[in-house]
Amino acid sequence: MHSKTIFLAGVIGVILFVSSCVIGGLLIDNYSITRQYISETFAIDTEYGIVLRVFGHIPSGILFIIFSILGYKYFPSSNLTKIGFYGLGLFYGVGTIVVSIFPCDSGCNTEFIDPSISQVIHNLAALLIYTFVPISIILTGIGLKKFSNYRSLSIIALVLGVLSMLFVYVLISELNPEFGGLYQRIIESLILIWIIACALKIKRTAGNKELR
């Protein structure tokens, strides 16, 4: 697949995801981005939940898979880098699709009282996403570290990966539950920034090859 197509897959995936999150929050009265989770915007009982899932979150997940699996080929060959990109595609791409197909209960049932099967699958997928995506980003950073042309991207990966792990810990530990939505958005933003950084690197690398 052409580098431009892979670049667009990453960028459009990010745009779709962010747009769905923003629009979803605006469609709900008194929705709090600092307190409420993103999943609450497309919970099973929300009026436009199915629209957000079908036209926003699921397509973005598909694009993340395409970007991660095919975009890896534009980076230096390394087992850690390969594992990192494939992990991103599996846990963030497939994970985004799974949490969309299986939305959470009304209000996302944060107390987990008599949860539906959809809620259980949703929570499990979210746990896998927030556990393994930061690790995947860090592994990619370590894999790229030995290549001089990718040192800056390696540092970006390590910083974003460590920060995302830190906020995942804060989110799960519920130190300040009233800011749960904010912590989640910070984690998602760090992951999306990584995808954009990789997409820009692919574009620059392909451009440099064309000039030679």
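This is a short tour of selected residues in a predicted model.

**Stop 1: His122**

Start by selecting His122. It lies in helix H4, which covers residues 117–144. Is His122 buried or exposed? With a relative accessible area of 4%, His122 is buried, because the cut-off for that label is under 20%. Now show what surrounds it. Setting aside neighbours within four places in sequence, His122 is in contact with Ser39, Phe42, Val99, Phe102, Pro103 and Cys104.

**Stop 2: a nonpolar patch**

Move to the surface. Select Ile23, Leu27, Tyr48, Ile50, Val51, Val54 and Phe55. Together they form a nonpolar patch with about 650 Å² of accessible area. Which helix gives the largest share of the patch? Helix H2, residues 49–71, does, with 4 residues.

Pick out Leu27 from this patch. Leu27 is in the loop between helix H1 (3–26) and H2. Its relative accessibility is 42%, so Leu27 counts as partly exposed.

**Stop 3: Phe64 and Tyr92**

Next, turn to the aromatic rings. The structure holds 10 aromatic pairs. One of them joins Phe64 and Tyr92. Their centres are 5.2 Å apart, with 35° between the planes, and the pair is tilted. Colour the helices to see what this pair links. Phe64 is in helix H2 and Tyr92 in helix H3 (residues 79–101). The two residues are 28 apart, and the pair links distant parts of the chain. Phe64 has 1% relative accessibility and counts as buried. Tyr92 is buried too, with a relative accessible area of 1%.

**Stop 4: Tyr72 and Tyr86**

Now select Tyr72 and Tyr86. Their ring centres are 6.0 Å apart and the planes meet at 85°, so this pair is edge-to-face. Where do the two residues lie? Tyr72 is in the loop between H2 and H3, while Tyr86 is in helix H3. The pair therefore ties together parts that are 14 residues apart in sequence. Tyr72 is buried, at a relative accessible area of 11%. Tyr86, at 34%, is partly exposed.

**Stop 5**

Tyr72 and Tyr86 belong to one aromatic cluster with Phe75, Phe85 and Tyr150. What sits over the ring of Tyr150? The charged end of Lys201 does, 4.7 Å from the ring centre.

Notes. Residues numbered from 1 in each chain as written. Predicted model: local features only at pLDDT ≥ 70, side-chain atom pairs only at ≥ 80, totals over all residues. Heavy atoms only, no water. Buried < 20%, exposed > 50% of the residue type's maximum accessible area, 1.4 Å probe, protein only. Contact = heavy atoms within 4.5 Å. Patch = residues over 30% accessible without salt bridge, like charges linked within 9 Å, V, L, I, M, F, W, Y side chains within 5 Å. Areas by Shrake-Rupley, 256 points an atom, 1.4 Å probe, with all protein chains shown as cover. Salt bridge = Lys/Arg side-chain N within 4 Å of Asp/Glu carboxyl O. Phe/Tyr/Trp six-rings, centres within 6.5 Å; stacked < 30°, edge-to-face > 60°. Lys NZ or Arg CZ within 6 Å of the ring centre and 35° of its normal.
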